[in-house]
Every structure is written in C-alpha cells, then in structure tokens.
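Please open the model in a viewer and keep the sequence panel at hand.

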Amino acid sequence: MANVIVIGAQWGDEGKGKITDLLSRSADVVVRSQGGVNAGHTIVVRGQTFKLHLIPSGILYPDTECIIGSGTVIDPQVVLEEIDRLEALGVSTSNLMISQTAHVTMPYHRIIDKASEERRGDRKIGTTGRGIGPTYADKSERIGIRVIDLMDKDDLRQKLEWTINYKNVILEKLYNLPPLDPEAVIKEYIGYAERLRPYAIDSSLKIYEAIEKRKNILFEGAQGTLLDLDHGTYPYVTSSNPVAGGACVGAGIGPTAIDRVIGVAKAYTTRVGEGPFPSELNDEVGQLLCDRGAEFGTTTGRRRRCGWFDAVIGRYAVRINGLDCLAITKLDVLDALDEIKVCVAYELDGETCHHFPSNASQFARCKPIYETLPGWKQPTAHCRSLDDLPKQALSYLKRLAELMAVPIAIVSLGASRDQTIIVEDPIHGPKRALLDANGTPVISKQ
C-alpha cells in the first residue's frame, strides 16, 4: 500500500495530468483535493486527447475510483459537461464521486471574477475568470453554497434567495452590472442537483475507509507550488493551497497517512498570467520553447510565458512540499538547443540570493544567475531508457537532481503514455531510493 501526493513544483502546467495518469495504473483511488475549473490536465491515450478540468485523471482507468474532494470548488455545469463528454467517448464515469462538502461556483462568482479583474487595470492578477477566487472568498465568508445544499430544494431556495439579493447589490452598485434573477438561478441549480445526486458522497469517510483497507491512493494536485495562496508569489497566486499539505486538508485526512510526495517540473519553466518570472525569455529561445512545447493553457488557451529552468524555486518547492522525488517533463522540447541554461541563484540588489524571497517586491527585483550546459541537438522523443538518452541530456538531468537535492524518478519525452522513462517506481520503490552511498541524489541507482 502507498498513499502518494503528486504536486506541481513550479507555477502549474508542469504536465501533472500525464504523470498522474501514469501513476493511476497502480492506484485504487485517485483524489482531486483543491482548485476548480481554473485548472486543466491534458492526457493523450492511444492518440486520443482528453482535457479534464475537475474530474481526476484516473477516470481513464475503469477500475479506479475517482473522488473530487472537499477542498475543491465545483462548477456543476462544467463537471456535468465533462461527464457527458467522457461518456460520449466511451469512458465510464460510474466510479466518480464528489464530496458533499465541496463548495459550488455560482453565476455571480463568475461575473464578479471577471468584473473585479477588469476593475484592477494595470494591477490585474491574470485570473481565468471562472469564478474560483470569489467561490473561495464566499467559503471563507461562510456564505457559500455546498454540494450538499443543492440536494435540499427548500434549503437551497432559502440560502440562494438571500445570497443572490446580497450579490445583486454588489453587481449593481459596485460594478454597474444588471442583477441576476434569483428564480432563474435557483431553477438552474436544482436541475444540476438531480444529475449530481448519484455522485455526492462523504468523501473524507470514503478515503478513510480506503486507507483502512490498505488501498493505493493517489492525491492529484492542481496548479503549482508557486501559485499557493500562502506560499506562492502572492498576490499572483490561486485561491487554494496546491502544496502537499493542502492535499491533506482538501481530502480530509491526516498527514501521517501520506507515504510519498512527488513533484512534477518541466525541463524548463513556464507560467501563465501576471507576476515576476526571473528566468523568463522574451527572445527567440523563449518563442522556440513555446512553439515546441505547445505552451498554451488547457483551460484558457492563453500563451504561457517561457524561460530557463529555475532551480531556486525548485529547491523552494522541495522544501515546502517535502518532495521525495521528481518527475521531469518535456525534456524533448530542449532537443533543438545548442546550449541550455539553468538559473542556479538570483542577484538581488547586488547580493547573491540562493533562496526564494518571500517579499514580493524583492522577488520582482531578482535577476537570474545562470549556469550553462551543452545541448544535445538530437531527438529524444523515442527514448525509453536512460541508456537511450544522449550523454548531454543525461548530464542535464543529473545536474537538475543535484541542484534540487532530490532524485528524478520519471522523465517524460512527449504527451503519450509510452513516451516516458520510468527510472524508479515512485509508488512501490523504496523511499528516496535514488541516492548514492553519500546520500547525493542521482538519476539512477547504477
């Protein structure tokens, strides 16, 4: 038995969907613990592309139970569209479960999200406009609607009549927008409730029972460490906790139930939206990374900003999450480069900085200090073992492992499941197995 958390070690979009899909082969249960439809996972199976926003990646395995946990926020329209789309493609959703205590995104959340972002002007955050932040805000304000509230028509009507009238004042007075019709919203969400009812469960109890039965449980993260509400590049962050500790809270389990934490990072760095990005490349190399990596958001289609691998934020992710090992994705994107740079430290006000600064204004002033490594100028998408890799590519991976101080267990070289090198089984292999006799992280035990 192994209970494993998979999280993003950068600003999200690291390829967690593929890694989660691979690891789901060994999982009995896959749990999505935070975030909402502002996240997206793209998975390619036998040439068919699946784009998921709320439903866990494990849904593609017919015997795997998939749970959307309490820490998520549910947009009923989107999750039902995903269910219908999967069923139309021949993927059963009979093993899908949704927490009764997950909060629900309402129409006024989406409207306020977009209006608020527009009102910010030059100070915009770069949200997806899907209503995630306002949903979490209502959760904190204790006026949110939960999945379980949808199941009682009278209770839902009572809560929504007050809440919509309250939100209409904000829409009209603050944003000069037309009010919502309470009756229309109530009718719409009662309709959603009937379709969601078979999926609604006590998710914390379900997960606890799976732990007692010693099942393999995979906790699937959304977004990435640097987008964490408490530990990310605030204010340019999401509204939940994508770090490993957030998975325990969002799933409703204790930290002693977790056996391993796997971090996913690209072989370079990307981020979507606003905020500082020390290793960003606004040149032809940045454009090459974007083109070769198809760096456009699954949820919004926005172009991702691209830059060199940043080992400073990588080490920060290791520390914040307690990472045991790494999965490095999109190594093949670097195949065309003569040389590759890695940000090993920052220059901050004339001083060398080796740690991620928590002060936002300081981080905005950080300039990258690079180490240059030779490229390999050979295709790697066909490689299926470490021996197949060009020696320069292997040297690059070993250097990343050294800089991050954790071993690399998986290397991804394309979108398909088979375009992967499994160095060590991160679920069933010994914990922190990829260390040499001196405790130094390496790619392989060889």
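Begin by selecting S279 together with T269, G307, W308, D310, C343 and Y370, the residues it contacts once neighbours within four places in sequence are left aside. The model is a predicted one. S279 itself lies in the loop that runs between β12 (269-271) and α10 (284-293). Is S279 buried or exposed? Its relative accessible area is 0%, so S279 is buried.

Next, select F219, L331, L334 and Y396. Within the largest nonpolar core, which has 62 residues, these four touch the most other members.

Now centre the view on L331. Not counting residues up to four places away in sequence, L331 touches A267, W376, T380, L389, A393, Y396, L397, V411, S412 and L413. Another core, of 48 residues, lies apart from the largest one; V45, I55, M106 and A200 are among its members.

For the last stop, display helix α3 (residues 107-120) and helix α4 (residues 132-141). Their axes are 7 Å apart, and the helices pack at an angle of about 120°. Helices α3 and α4 are therefore oblique to each other, and their crossing is right-handed. To see the contact, show the side chains of Y108, H109, I112 and D113 in α3, which meet I132, P134, T135 and D138 in α4. The residues of this contact comprise four nonpolar, two polar and two charged.

Key:
Residues are numbered from 1 along each chain as its sequence is written. This is a predicted model: local features need pLDDT of at least 70, side-chain atom pairs count only at pLDDT 80 or more; totals for chains, interfaces and linings use all residues. Side-chain values use heavy atoms; hydrogens and water are left out. Axes are lines fitted to C-alpha atoms, for helices over the stretch in contact, and angles run from 0 to 180 degrees between N-to-C directions. Helices (H or I, at least four residues) and strands (E, at least two) are DSSP runs, numbered from the N terminus. Angles under 35 degrees count as roughly parallel, over 145 as roughly antiparallel, 65 to 115 as roughly perpendicular and the rest as oblique. A crossing is left-handed if the near helix is turned anticlockwise from the far one by less than a right angle, and right-handed if clockwise. Contact means heavy atoms within 4.5 Å. Ala, Val, Leu, Ile, Met, Phe, Trp, Tyr, Cys and Pro count as nonpolar, Asp, Glu, Lys and Arg as charged, and the others, Gly among them, as polar. Buried means under 20% relative accessible area, exposed over 50%, partly exposed in between (1.4 Å probe, protein chains only). A nonpolar core is a set of buried Ala, Val, Leu, Ile, Met, Phe, Trp, Tyr and Cys residues joined through side-chain atoms within 4.5 Å.
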